[in-house]
Amino acid sequence: MKNKKYLFPIITFFLSFGCALFVAIKVFPNNPFTGTSKTEKTAVSKFKDGDLIFQTSESKQCEAVRIATNSKFSHCGIIYDINRKWFVFEAVQPVKLTPLEDWIQHGKDNKYVVKRLKDDTVLKPEVLQKMKDYSQQFDGKEYDAYFEWTDNRIYCSELIWKIYKNAAGIELSPLRELKDFNLKDPRVQKILKERYGNNIPLEEKVVAPSDLADSTILKTVIDTY
């Protein structure tokens, strides 16, 4: 009789636990930015959570960006460690997480540069998680080909700048205006005409990949060029 006395509470516990687990899975589906609490790694990596990565892309728009900014860089992203795997969170069409190795292969000659905060001790685990939590609002958003300073759509360097500024409280570089760049080249003029017609927003706030790459608070940790 004693065994029967405890049998009902035990069965009730397991049934309740199972129901709770089922509800949790349904209500809180997998989040691509979660699962980062395990910081130990099987091997020392040359990358760190929160690193910035830059490359040269070869589209006509990216060529115009390189000319306008006098830089070899036309695309960038932020490196995230998720479940011990490296991803690049990038603003393409749409904004998404891309496996690091795939991201590297998308650049010209597979070359890239990685930058890191000179004082990266500020990127404590709780700060990095806050950055990843903040990043969720942009996941799946449209790429911003008009380079507007809004959150409706977003472009690559704007994405990184806002994550660092709004989630970590770090301003990587001063913002500029579109008119501050080299807009006289015919290839740049062609892209501007296609985008804006005769109404080029010369006073729009802008941050370019080159602005981040030249940041005085960053250091180069990898350069394969």
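Which residues does L100 touch, not counting residues up to four places away in sequence? In this model, which is a predicted one, the contacts of L100 are F47, I53, I79, W86, F87 and V88. L100 itself lies in helix α3, residues 100–105, and with a relative accessible area of 3% L100 is buried, since the cut-off for that word is under 20%. I would also point out F89, which sits 11 residues from L100 along the chain, with the two C-alpha atoms separated by 9.1 Å.

Let me turn to the sheet. Six strands make up an open sheet, ordered β4-β3-β2-β1-β5-β8, and their pairing is antiparallel. The edges are taken by β4 (95–99) and β8 (218–223), and because each has a single partner strand, one side of each is left without a neighbour in the sheet. From one strand to the next, the twist averages 35°. Within this arrangement, strand β1 (residues 52–55) and strand β5 (residues 113–117) run antiparallel and are joined by three bridges, and L52 has K115 in β5 as its bridge partner.

Two helices that pack on the sheet deserve a word. Helix α4 (residues 125–135) touches β2 (75–82) and β3 (85–91), and its direction makes about 120° with that of β2. Helix α5, for its part, touches β1, β2, β3, β4 and β5, with a direction at about 45° to that of β2.

Staying with α5, residues 156–168, we can check its length: at 1.5 Å a residue its 13 residues should span 18 Å, and the end C-alpha atoms are 18 Å apart, which agrees. This helix is mostly covered, as 10 of its 13 residues are buried, among them L159, I160, W161, I163 and Y164. Just after α5, G169 adopts a positive phi of about 70°.

The largest nonpolar core has 49 residues, and the members that touch the most others are Y80, F89, M131, Y164, L172 and L212; its largest share, seven residues, comes from α5. Leaving aside residues up to four places away in sequence, F89 touches a list of residues that includes F33, I78, Y80, V95, L97, F138, L159 and I163. There is also a second, separate core, of 11 residues, which includes F47, V88, L100 and I222.

Technical notes. Residues are numbered from 1 along each chain as its sequence is written. This is a predicted model: local features need pLDDT of at least 70, side-chain atom pairs count only at pLDDT 80 or more; totals for chains, interfaces and linings use all residues. Side-chain values use heavy atoms; hydrogens and water are left out. Helices (H or I, at least four residues) and strands (E, at least two) are DSSP runs, numbered from the N terminus. The expected span of a helix is 1.5 Å times one less than its number of residues. Buried means under 20% relative accessible area, exposed over 50%, partly exposed in between (1.4 Å probe, protein chains only). Two strands pair if DSSP finds at least two bridges between them. Axes are lines fitted to C-alpha atoms, for helices over the stretch in contact, and angles run from 0 to 180 degrees between N-to-C directions. Contact means heavy atoms within 4.5 Å. A nonpolar core is a set of buried Ala, Val, Leu, Ile, Met, Phe, Trp, Tyr and Cys residues joined through side-chain atoms within 4.5 Å.
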